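I would like to know which residues make the contacts.

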Amino acid sequence: MEQVRAAADVAGERPPDELYLVAEVNAGVAEQSRLLGMLPGRRRMLLGVPLLAGMTASRLRAVLAHEFGHYANHDTRLGALTMRGRESVLHTVEAFRQGSTRLDYVIGSLYVGYARMFLNVSQSVAREQEFAADRMAARHAGRDATAAVLRGLPVLTAAHTHYQETYVAMGGALGALPPVGEVHGGFPRFLAARTQERLAALAAGRRSPRPHRYDSHPPTAERIALIERLPDDGRPDGSDGEPAALSLLHDPERVFARLEARTLPFEAARLRRMTWDELVMARAVDDAEGWSRPLRVAVVRALRSSAQGTGDAATAQRNATPEGASDDELPGLEEVLDAFDRGLLWTETADRMPKPAQASRLTGQSARNFIRPRIFDGLAGLVHLRLVEAGQATADVAWSGQPGLALHPAWEKDMDDALDAAVADVPDTAPLRALLAGTRPAAV
């Protein structure tokens with residue numbers, strides 16, 4: 001890649017012999033050195049495709065220059081020796097700590113002092129190497145672009161994690177994946193659809209990992225502060241109108257597909273592929289069925305108990321539905337509402353909803369307030385299933401928000417109020433029934 005060679009030239013170093021694109025928000029250079037790292041060897045660079053999707057070309061130049069800055073400061077080969085030493089020291093301390101003899105304790109206590117000294121000394125060397133690499137990045141890409149990279153990396157990492165958890169994993173329970181190439185190819189669309197403020201919000205709720213006492217990387221805030229003390233070079237921070245660095249790839253779609261083939265587990269080959277719309281719809285239906293089932297089972301048991309109380313043996317037998325019953329055997333939306341109208345919600349149904357053991361001791365209004373949200377969700381699930389069946393709900397991939405169902409404006413406006421009325425202390429199903437009057441099964 002041209003940008004990689006340019007960063008190597010600026011640092012006065014040879015470019016990597018091999019460049020690998022990976023599925024992480026990361027970049028790095030490794031070298032197969034010889035003689036304990038004293039003689040150079042074959043260089044490999046790892047460059048994350050999500051990193052390319054979330055950074056402009058200016059900021060990518062800062063990342064690349066930082067990596068080659070380690071080489072320019074002649075710290076990588078010696079750094080390999082230092083890191084091997086740190087790992088060996090920590091391993092030895094742990095081995096002595098796990099020893100069971102008096103000798104282990106004595107020798108381990110003596111060794112800990114040396115270990116602390118070595119780790120402290122090597123830590124300061126490693127941190128200075130990091131600062132020197134930052135200065136190289138600022139010289140090549142600009143002070144502001146380099147600082148912007150350090151600020152943006154936690155946001156980009158959080159965004160990628162959210163994308164993986166929310167979109168890629170959407171079909172996990174369904175045994176499905178998005179179309180070929182879209183496991184990674186959807187991430188650029190996700191980024192493009194969200195403002196910087198919304199992306200930053202994804203990182204705001206995530207606590208950064210607590211650094212190890214002997215972490216070789218300085219705190220990010222300290223690195224940014226040192227960069228910003230450099231003279232203003234007049235170069236922009238790389239945020240104004242620049243395309244994503246992903247555009248530097250010759251054929252991004254092909255890269256997405258090949259990266260997916262290399263990164264997904266072998267078992268993924270057996271999973272079915274669905275479009276994003278199909279995935280969203282299938283997941284919404286699966287979620288709605290999951291929300292509604294506990295309520296439907298509770299209503300069955302409430303009806304059975306009510307029928308037994310009135311001596312209606314035939315009805316009791318008909319409603320004696322086992323826990324493992326199919327959805328076809330459970331009551332539908334109208335039957336659930338009928339049970340509410342009969343006064344069975346708080347007298348029979350609520351107590352049969354699953355709840356943690358500590359909540360079983362609640363009584364009266366406290367018990368109602370605890371279980372009400374679960375009843376609300378169950379009823380909402382039944383409504384969603386009805387709207388899907390009637391063709392009045394569509395899939396919304398919502399790259400800028402939360403994927404789910406898009407409902408008719410009337411439902412978006414009035415559904416929550418109607419559900420609240422239906423699960424109130426004195427249930428009123430009329431508003432919900434009025435909304436349901438406009439639903440008709442979709443034509444086949």
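**Helices and their contacts**

In α6, the residues P154, V155, A158, A159 and H162 meet L199, A200, L202 and A203 of α8. The model is a predicted one. Sorted by class, this contact of α6 with α8 holds eight nonpolar residues, one polar residue and no charged ones. Helix α6 covers residues 143–166, and helix α8 covers residues 196–204. Their axes come within 8 Å and cross at roughly 85 degrees. Angles from 65 to 115 degrees count as roughly perpendicular, so α6 is roughly perpendicular to α8.

Next comes the pair α7 and α10. Helix α7 spans residues 182–192 and helix α10 spans residues 252–263. They pack at an angle of about 130 degrees, with axes 8 Å apart. The two helices are therefore oblique to each other. On the α7 side, the contact uses E182, V183, H184, G185 and P188. On the α10 side, F256, L259, E260 and T263 meet them. This contact of α7 with α10 divides into four nonpolar, three polar and two charged residues.

Now turn to α15, which runs through residues 364–389. How far does α15 reach from its first C-alpha to its last? It reaches 37 Å with its 26 residues, close to the 38 Å expected at 1.5 Å a residue. There is a bend in α15 of about 35 degrees at I371. A proline, P373, follows within four residues. Just after α15, G391 takes a positive phi of about 75 degrees.

Helix α15 also has a packing partner, helix α16, at residues 409–422. Their angle is about 135 degrees, and their axes lie 10 Å apart. Thus α15 and α16 are oblique to each other. Their crossing is right-handed. From α15, the contact takes F376, L379, A380, V383, H384 and L387. From α16, it takes W411, M415, D416, L419, D420 and A422. The residues of this contact of α15 with α16 divide into nine nonpolar, one polar and two charged. An α-helix has 3.6 residues a turn, so residues three or four places apart point the same way.

Methods. Residues are numbered from 1 along each chain as its sequence is written. This is a predicted model: local features need pLDDT of at least 70, side-chain atom pairs count only at pLDDT 80 or more; totals for chains, interfaces and linings use all residues. Side-chain values use heavy atoms; hydrogens and water are left out. The expected span of a helix is 1.5 Å times one less than its number of residues. The bend at a residue is the angle between axes fitted to the seven residues ending there and the seven starting there. Axes are lines fitted to C-alpha atoms, for helices over the stretch in contact, and angles run from 0 to 180 degrees between N-to-C directions. Angles under 35 degrees count as roughly parallel, over 145 as roughly antiparallel, 65 to 115 as roughly perpendicular and the rest as oblique. A crossing is left-handed if the near helix is turned anticlockwise from the far one by less than a right angle, and right-handed if clockwise. Contact means heavy atoms within 4.5 Å. Ala, Val, Leu, Ile, Met, Phe, Trp, Tyr, Cys and Pro count as nonpolar, Asp, Glu, Lys and Arg as charged, and the others, Gly among them, as polar.
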